[in-house]
Amino acid sequence: MKLIKYLRSKILLGLSLAILTYMMIPLALIIILSFNRPKGRQNTAWNQFTLDAWTNICRDPTICRAFSVSVQIAVLVTVIATIIGTMISFALVRHKFSGKDGATLGVFIPLSTPDVILGASLLALFLNIFIPLGFWTVVLAQITFTISFVVVVVNARLAGMDPRLEQAAMDLYATPFQTFRYVTFPLALPGIAAAALISLSLSFDDYIITSFNSGRIVTFPIYIWGAAQRGIPPQVNVIASLMFLGSLALVALAAIITRRRRLKAFA
Amino acid sequence: MTTLAKKRKIKTAYLLLIPGAAWLLFFFFFPLSSLLATSLKRPLGAAPEDGFAYALQFSNYSNAIAEYWPYFVRAFTYAGIATLVCILLAYPIAYYMAFKATKYKYLMLVLIVAPFFASFLLRTNAWKTILSADGFVVGFLNALGALPEERILSTSIAVVLGLIYNFLPFMILPLFISLDKIDKRLLEAAGDLYATGSQRFWKVVWPLSIPGVVSGVILTFIPASGDYINAQLLGGVSDKMIGNVIQSQFIILRNYPQASALSFSFMAVILVLIYLYLRRVGTKDLL
Amino acid sequence: MAKNENVQDLHLKNLTKRYEDFTAVHDLTLTIPAGSFFALLGPSGCGKTTTLRMIAGLEEPTSGEILIGTENIVPFPPYKRPVNTVFQSYALFPHLTIYENVAFGLRRRGIKDVDKTVKEMLSLVELSTMAERKPAQLSGGQQQRVAVARALINKPDVLLLDEPLGALDLKLRRQMQLELKWIQKDVGTTFVHVTHDQEEAMTMADTVAVMNEGRIEQMGSPVEIYENPKTAFVANFLGQSNLFTGTVKGVDGDLVAVDVNGLTLYVPKGKTNITSGKIVIGVRPEKIKVVDVDTPNLPKNQIVGTISDNAFVGVSTQYVVESPWGQELSAFEQNVDPNDLGYKGNKVVLAWEPRNSFVLDPDEDLTAGIEPELVLN
């Protein structure tokens, strides 16, 4: 009887762990196969353990070039989209003005437009105004859909901020600019940072919109798509694994830093 | 605040909005409207290379829908099923994270979001390997005689499974945020007022989580219905969704008017859904 | 800490705040003397917080002036006014240390060398050891002291306190009341304290203004407004009152005789101008003796009644006595002799000295200021 009760209380935990495992399975496969020496071109069946892919990531230079292109694009897109999106968010949350509802809607619509349509319409635009497709059209296209995501994330952070803090700042002789600089902005920073991280990953991983507007250049996802038929080299698995583990490491680092800072205050 | 200060605040608001508004106007709304114009063009010749002229050929829409309506239906069906399953899968884990997991809450959150950093193309492709005909999973299911076609890949099931996998985090996150906001003491109060465990859920937690559910549904259903990657990687010829059609019309066939007409028909359905959602919730909580 | 010199009077002139559908503050005119501890007392929604925010600059008046000395500060934004606020929720900056919170105002004014001043202020509020902590790591009482320190360090002409002690438990609140009073005397800044707690107002303030629905009902020292309420609202909101409606019978020496339901009650001539017609007499419960019917040498005002309820509160016993005409009267007796308590059903005499009575305008709503009771059916 006790065993059954114990099991029942753990059902939710069991379900959650099962679902989490389900989400991790492809990732596990990717990481495992990065250590594989594939028999043929297709890296789909386990053959032999090797560190070859890890030590020779750039044996095929197109892979590393595609990676570097994606990184460059991602950084550019993140910086610009985060700045523009944060400005929009501040206007929407902290200010009252007529047309606010319309503006909110206007920012929301790109979020609900399917990628194919976003990609296609931008392709049409670039063709019509004779901009050659390539690096910059990808950057422009990605910024367009990333802005709305930034607004959503920063909004969430700003909306939860107590407006009385800004009143207190003004009561203590801070001009509107000083209030922004010393109170509003530092408090909004975690949200802005989160938005930037999300932009990075959205940009880096984007395939559909990028493929419409990339012309000849090859980003990392475009390379993967092209290689999917022929066979994806294990080096791609290595890069993906590194990115996943890297993001985990960043989070762990952040957690350690905050914990250490909290302990220091009690010293 | 003085009236002068208020006026300055409004001016600041408009100034802040200018870069974003300009960008979206030029790179989103304008292209979209020009796409609308394209959808009404008429062909100048028999082949796409002959070009198109501006016109008001509304028949583009009726022709497109008449020819491709099965793809619409299939896309919404697959997306619908995937969304429903996602709710069923997301809810337990979001609930656990919000209510039961105190120490590991953020760890689980990270584990859900981190895979994003490892190329969704690769992960979907990984499913192709896992579900392949000579793989472990299919072999096991075949031994049980559970597979009518003796394979999973190139069937609609594979596509739906892919959709579920790809969009599950989009359902978990809004649900978790919504559930996390609920004051746990409400459950205690309900218990004090004689509510059983199941009543506490249906009468307190579920109603308060509905905004999260609706957000999740929107963030899942809309992109899922427009997706073509899953259908292409995991599905067969008969599993193509409207996204595949639009993509091929634009890139391969270059039949821009028809492709645009299809795009806008698709957008129309989605906008109707959003309108119904907005009617229920209001623009205040949109973002 | 050095005393604040050159503090000036605060004048509110015809201050009005009107919203679309209602008026929060009606044509308020009053003067708060420099260096005094002034309390604005009233129930929720009476306009006291709105008034405070207008002085701070966080709300714009619809009309009227706010003068410090002779200068009208209404055109100035909050960061240009020599006024600081202690917020109800403290509003401490969560991302700054206590030290930086307290130093905030000084830094924004461009003062470079803040260390000595900040350390002094922290020791004044006894938080020197907490300087490097963040607000979230402090208790409610400590946060409240940081809020006071942060405001006071700027030596404002006026310090505004918006119900700052509401979140504290009773003992801590009492302690803080005394501390704030000492600090105010020490520093010499004008304190304007907004509260709905009458005990707090009367304990701390030199002058109390009772506010109701956007208007000041009465203003004066705590003793003055308590012992001589001028309106039913003040009589009922501040402590409790028994109010009697009657007709002036005549004058008996220096007392006015009033007929109340057949009984004669007396009130000193000096307390009223009314010489005939309707009049309302009031008396506070603690002024009333509750004694047996045949007790000799009783004060001149007497009502015979039956105890319908009694509540032992520790320091006193609170009686509810039914008068011959059905009115329920309250009387509080100090528990000098616990064996001499009255019980339900006892017939008693309520007696009080005429000089303890006060007079109200007979045309008023006598229920103003009474908390609405829960009606359980």
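## Strands, chains and contacts

Analyst: Let us begin with one pair of residues: Ile307(C) has Val321(C), in E17(C), as its bridge partner. Please bear in mind that this is a predicted model.

User: In what sense do strand E16 and strand E17 of chain C pair, and over how many bridges?

Analyst: In general, the strands of a sheet pair through backbone hydrogen bonds, and the pairing is either parallel or antiparallel. Here strand E16 (residues 301-312) and strand E17 (residues 316-322) of chain C pair in the antiparallel sense, over six bridges. The two strands form a hairpin with three residues between them. In that turn, Gly314(C) has a positive phi of about 100 degrees.

User: Which strand do seven bridges join to E17(C)?

Analyst: That is strand E18 (residues 328-334) of chain C, which runs antiparallel to E17(C). One pair to locate is Gln318(C) with its bridge partner Phe332(C) in E18(C). E17(C) and E18(C) also form a hairpin, with five residues between them. Gly326(C), in this turn, has a positive phi of about 90 degrees.

User: What is the order of the open sheet of four strands in chain C?

Analyst: To read a sheet, list the strands in the order in which they lie beside one another. In this open sheet the order is E2-E1-E4-E5 of chain C, and the pairing is antiparallel. Its edge strands are strand E2 (23-32) and strand E5 (71-72) of chain C, each of which pairs on one side only. Within the sheet, five bridges join strand E1 (residues 10-18) to strand E4 (residues 63-68), both of chain C. His11(C) stands opposite Leu67(C) in E4(C).

User: Into which domains is chain C divided?

Analyst: Chain C is divided into domain 1 (10-232) and domain 2 (242-360). The C-alpha centres of these two domains of chain C lie 39 Å apart.

User: How many residues does the contact take from chain A and from chain C?

Analyst: An interface is read by asking what each side contributes. The contact takes 16 residues from chain A and 21 residues from chain C. On the side of chain A, the elements that give two or more residues are helix H8 (163-171) and helix H9 (176-205). H8(A) gives the most to that side, with six residues. By class, the side of chain A that touches chain C has ten nonpolar, three polar and three charged residues.

User: Which residues of H8(A) are buried, and what covers them?

Analyst: The buried residues of H8(A) are Gln167(A), Ala168(A), Ala169(A), Met170(A) and Asp171(A). Their cover includes H9 of chain A, together with helix H1 (48-56) and strand E6 (83-86) of chain C. Just after H8(A), Tyr173(A) takes a positive phi of about 75 degrees.

User: How many helices and strands has chain B?

Analyst: Chain B has eleven helices and two strands. Along the sequence, chain B follows the pattern α-β-β-α-α-α-α-α-α-α-α-α-α.

User: Why is chain B said to be more spread out than a compact globule?

Analyst: The radius of gyration of chain B is 24 Å, well over the 19 Å that the globule rule gives for 287 residues, so chain B is more spread out than a compact globule. Along the principal axes, the C-alpha atoms of chain B fill a box of roughly 80 × 75 × 35 Å. Of the 287 residues of chain B, 39% count as buried. Among the contacts in chain B with a separation of 6 or more, 67% come from residues 24 or more positions apart.

How values were computed:
Residues are numbered from 1 along each chain as its sequence is written. Chains are lettered from A and ligands numbered from 1 in the order in which they are written. This is a predicted model: local features need pLDDT of at least 70, side-chain atom pairs count only at pLDDT 80 or more; totals for chains, interfaces and linings use all residues. Two residues are in contact if their C-beta atoms, placed from the backbone, lie within 7 Å. Ala, Val, Leu, Ile, Met, Phe, Trp, Tyr, Cys and Pro count as nonpolar, Asp, Glu, Lys and Arg as charged, and the others, Gly among them, as polar. Two strands pair if DSSP finds at least two bridges between them. The radius of gyration is taken over C-alpha atoms; the globule rule is 2.2 Å times the number of residues to the power 0.38. A residue is buried if 20 or more other C-beta atoms lie within 10 Å of its own, exposed if 12 or fewer, and partly exposed in between; C-beta atoms are placed from the backbone. Domain bounds come from an automatic or database domain assignment.
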